[in-house]
Amino acid sequence: MAPTCLLCWVCSLLCAWSVVTGHPCSLDHQEWANCSGKNLQHAPSSLPRNITSLDLSFNSLVMSHHRTLLKHFPSLQSLNLSSNAKLTLSPAVFSNLGALSLLDLSSCSITHIHMDTFKGLGNLRTLLLRNNSLQELDVPFLLPLKALFHLDMQHNALVSVDPWSLQLLETVPQVLLEGNPWACDCSAHPLQQWLRRRRAVQVTCVSPPGLRGREIAALDSQDLGCQVKQRFARELTIPQNITVTENNSTALPAGKGGRSWPYLVGFLVTAIGISILIALAAKCKLAHKNFASYRHRPLPEISSIGRSPMEDSSSWDRGSCGSHSITDAADLQAEDDDGFIEDNYIQPSEQLPTKEERELHRSI
């Protein structure tokens, strides 16, 4: 009898506390507030400001646009808003909850998430979005969630996902995608590769009927209706990367096709430039050699003995040109004196006549 009376006394005390404080939520000593199933349309503002966990599930919460939620609870770390069918997520609706680490938005009939909905939740680690009506995986809403570790998107209406969204999901260690009506056609090939890297199981196909219930990661490209071909460039014999396309056609992947031709052009330009430089250097050296050969002249003759009268007259004409001509001749002689004997330096026919030749000349 005593325990029953004690229990009734505790319930009465809680009801009285709710009436005094103006909210129907229950509190405990661990700063946790339970407001689940109270048919609330707005979050109670009379709760203690230092609570760290708040359960508002199974209510009828309505939030006006461009208004923050629970602005009076800056220390909140866990928030459960699941099963609120009238809940609408406006941009930056959680911006005042910077300490939040867990957010449950399951079963809220959410069809679209704005990219700024979770702005300000830099410390959020767990986001639960299962049992909603999301038809597209608009992953840009994950950009503000720098610390996100666990993302649950099970049992939505997801049919496909683009490669860029899958690339953003690589930053989240745990992603759950089971229970969505995935269409297993050629567009699911990026998802298949992503699931294989994650070693994810139980992500199955819904359409087409021939693949219904089969795991996407276990399928091959032929099952997805894709044609895998290896494409070769016409100019080179190096095979390009394997591409997967629809309708039995192939195409080079974006950003990778034709990457070898700049190197080929650079090689050709470099080879032509080096050849031109070598040709110019050889031509300049040959021109210099020819110019130097034109500067060789016969040595001037000092003595006029044994010369013909025409040579004497030419010597007399040269002598009458002045002292500067003699200086020029001396300079030429010094310049041409390079240690080599010119062809016309001393000819045998120009040697001085002997005594016998002079006597024979007198007798004649």
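Me: Is Arg197 buried or exposed?

Reply: Buried stands for a relative accessible area under 20%, exposed for over 50%, and partly exposed for values in between (1.4 Å probe, protein chains only). Arg197 is exposed, at 56%. This is a predicted model, in which local features need pLDDT of at least 70, side-chain atom pairs count only at pLDDT 80 or more, and totals for chains, interfaces and linings use all residues. Residues are numbered from 1 along each chain as its sequence is written, and side-chain values use heavy atoms, with hydrogens and water left out.

Me: Which residue forms a salt bridge with Arg197?

Reply: A salt bridge is a side-chain nitrogen of Lys or Arg within 4 Å of a carboxyl oxygen of Asp or Glu. For Arg197 the partner is Glu170, with the closest N and O atoms 3.0 Å apart. Arg197 sits in helix α3 (residues 189-198) and Glu170 in the loop between α2 (163-169) and β8 (174-176), so the pair links distant parts of the chain, 27 residues apart. Helices (H or I, at least four residues) and strands (E, at least two) are DSSP runs, numbered from the N terminus. Glu170 is partly exposed, at 36%.

Me: How many salt bridges does this rule count?

Reply: Three. One of them joins Arg130 to Asp152, the closest N and O atoms being 2.7 Å apart. Arg130 is in the loop between β6 (126-128) and β7 (150-152), and Asp152 is in strand β7, so the pair ties together parts 22 residues apart in sequence.

Me: Is Asp152 buried or exposed?

Reply: Asp152 is buried, with a relative accessible area of 2%. Arg130 is partly exposed, at 29%.
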